[in-house]
Amino acid sequence: MYLQELQLRDFRNYSAADLTLGRGINVLLGENAQGKTNLLEAIYALALTRSHRTANDHDLINWQAKTAQLRGRVVKASGTTPLELTFSRQGKRAKINHLEQARLSQYVGQLNVILFAPEDLAIVKGAPTVRRRFMDMEFGQMNPRYLYNLSQYRTLLKQRNRYLKDLQHHKQHDLLFLGVLSDQLAAYGAEIIYQRLTMLKKLEHWAQAIHAEISQHRETLAFHYATQVAADQLSDPKTICAALTALYKKQRDKELYQGTTLIGPHRDDLHFQVNDKNVQTFGSQGQQRTTALSVKLAEIDLMKEETGEYPVLLLDDVLSELDDARQTHLLTAIQDKVQTFITTTSLSGITRQLIKDPTIFHVSGGTVVADDASADSASTE
């Protein structure tokens, strides 16, 4: 899979941009605050219908415009697919092959992307909500069923939390209805937990081999999914559902007192262990960086395994955060395999000999100009 063309209209600081992209490594070169990250954000949003930098879609629209539009042409083994995404004050619309989609969940998965930025170290050392978001965004791209279950779960969770608040403030009194909401929430929550466990086991398999190689086989990486459901009750969705239902009953008085749902996948976490020690707490900065890099590279192989296509890789100023050994491993791993977009202020910061025939774009003040030599190379691919 690769993105052949990208068009921006009134997106962030771009009034208009039309790019023909290289199948290999694309370098976005320019000073800070010129729009390099905005281009990566456009690709990410075209894939996932949302930004990785803001929860407010209005921020994506150029301040002089009423709408922002992204268009792309995705090439897969099965053929070429035009994608279109429009942001407005009223919401967003997504089209596949020029046909508008009734639900955004039907659109996600047409273009798969993996983003790696310096802040992605927070996957390892940040708050649990960062790791939950990581699982939801990545697994949702690979598995439409996961995305559906997550959407249903979030809707029910909001409804149940509102009802708990009403019970807390004596605006409602029917505990039977709380039980109905609990049963429904447990059913979707069980599916999410089981799917996370299944996908994490596969991701761990790929990440362990990568981590061992980067650490020269001195370290062993392991994942641990932290949930309130007992380990012996995680065998299948039905058993997990029964366990969640029992936990809701056990915690009912506490939830009524606090007015919020205390049990479920929205409270779970993912722990990374290096040589049997929690790397979030006890790992060195180097071990944390190696873990984050291993997880991100493992995603590439997992997406290929799950979807049959390699994803597009977005590297936002991440090479400057890696030492020569990790940078070499990253660039060697992606060369000739994954379409990649790298933002950088200088090519001198990149191990240039590891990048074969890059397509280079010069970014300045919301304009993008392709390097003549690399543009000729990209157009012939």
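Me: I'll start with the rule I just learned: a charge sits over a ring if NZ of Lys or CZ of Arg is within 6 Å of the ring centre and within 35 degrees of the ring normal. Which ring does the charged end of lysine 304 sit over?

Reply: The ring of tyrosine 310, with the charge 5.4 Å from its centre. Before we go on, this is a predicted model, where local features need pLDDT of at least 70 and side-chain atom pairs count only at pLDDT 80 or more, while totals for chains, interfaces and linings use all residues. Residues are numbered from 1 along each chain as its sequence is written, and side-chain values use heavy atoms, with hydrogens and water left out.

Me: Thanks! And what does arginine 160 lie over?

Reply: Arginine 160 lies over the face of tyrosine 248, 4.6 Å from the ring centre.

Me: Now rings with rings. How many aromatic pairs does a search of the whole structure find?

Reply: Four. One of them joins phenylalanine 139 and tyrosine 146, edge-to-face, with 6.0 Å from centre to centre and 90° between the planes. For the cut-offs, rings of Phe, Tyr and Trp (its six-membered ring) pair if their centres lie within 6.5 Å; planes under 30 degrees apart are stacked, over 60 edge-to-face, and the rest tilted.

Me: Are phenylalanine 139 and tyrosine 146 buried or exposed?

Reply: Both are buried, meaning under 20% relative accessible area; exposed is over 50% and partly exposed is in between (1.4 Å probe, protein chains only).

Me: Why is the pair of tyrosine 148 and tyrosine 188 called edge-to-face?

Reply: Because their planes are at 70°, with the ring centres 6.4 Å apart. This pair links distant parts of the chain, 40 residues apart: tyrosine 148 is in helix α4 (residues 144–168) and tyrosine 188 is in helix α5 (residues 175–214). Helices (H or I, at least four residues) and strands (E, at least two) are DSSP runs numbered from the N terminus.

Me: Is tyrosine 148 buried or partly exposed?

Reply: Tyrosine 148 is partly exposed, at a relative accessible area of 38%. Asparagine 149, also placed in helix α4, counts as buried because its relative accessibility is 1%.

Me: What is asparagine 149 in contact with, leaving aside neighbours within four places in sequence?

Reply: Tyr188, Glu191, Ile192 and Gln195. Contact means heavy atoms within 4.5 Å.

Me: How do the axes of α3 and α4 cross?

Reply: At roughly 130°, and the axes of helix α3 (residues 128–142) and α4 come within 5 Å. That makes α3 oblique to α4. The residues in contact are Met135, Asp136, Phe139, Gly140 and Met142 of α3, with Pro144, Tyr146, Leu147, Leu150 and Arg154 of α4. By class, that contact has seven nonpolar, one polar and two charged residues.

Me: New topic: which residues in α10 are buried?

Reply: Arg326, Gln327, His329, Leu330, Leu331 and Ile334. The buried residues of α10 pack against β3 (25–29), α5, α9 (285–307), β12 (312–316) and β13 (340–344).

Me: Where is leucine 331 found?

Reply: In helix α10 (residues 324–334). Leucine 331 has 0% relative accessibility, so it counts as buried.

Me: Which residue with a positive phi follows α10?

Reply: Aspartate 336, with phi near 65°. Most residues other than glycine have a negative phi.

Me: Where does histidine 217 lie?

Reply: In the loop between α5 and β9 (221–226). Histidine 217 also has a positive phi, of about 65°, although it is not a glycine. At 65% relative accessibility, histidine 217 counts as exposed.

Me: Last one: where is asparagine 97 placed?

Reply: In the loop between β6 (91–96) and β7 (99–100). Phi of asparagine 97 is positive too, near 55°, and at 40% relative accessibility this residue counts as partly exposed.

Key: Axes fitted to C-alpha atoms, helices over the stretch in contact; angles between N-to-C directions. Parallel < 35°, antiparallel > 145°, perpendicular 65-115°, else oblique. Nonpolar A, V, L, I, M, F, W, Y, C, P; charged D, E, K, R; others polar.
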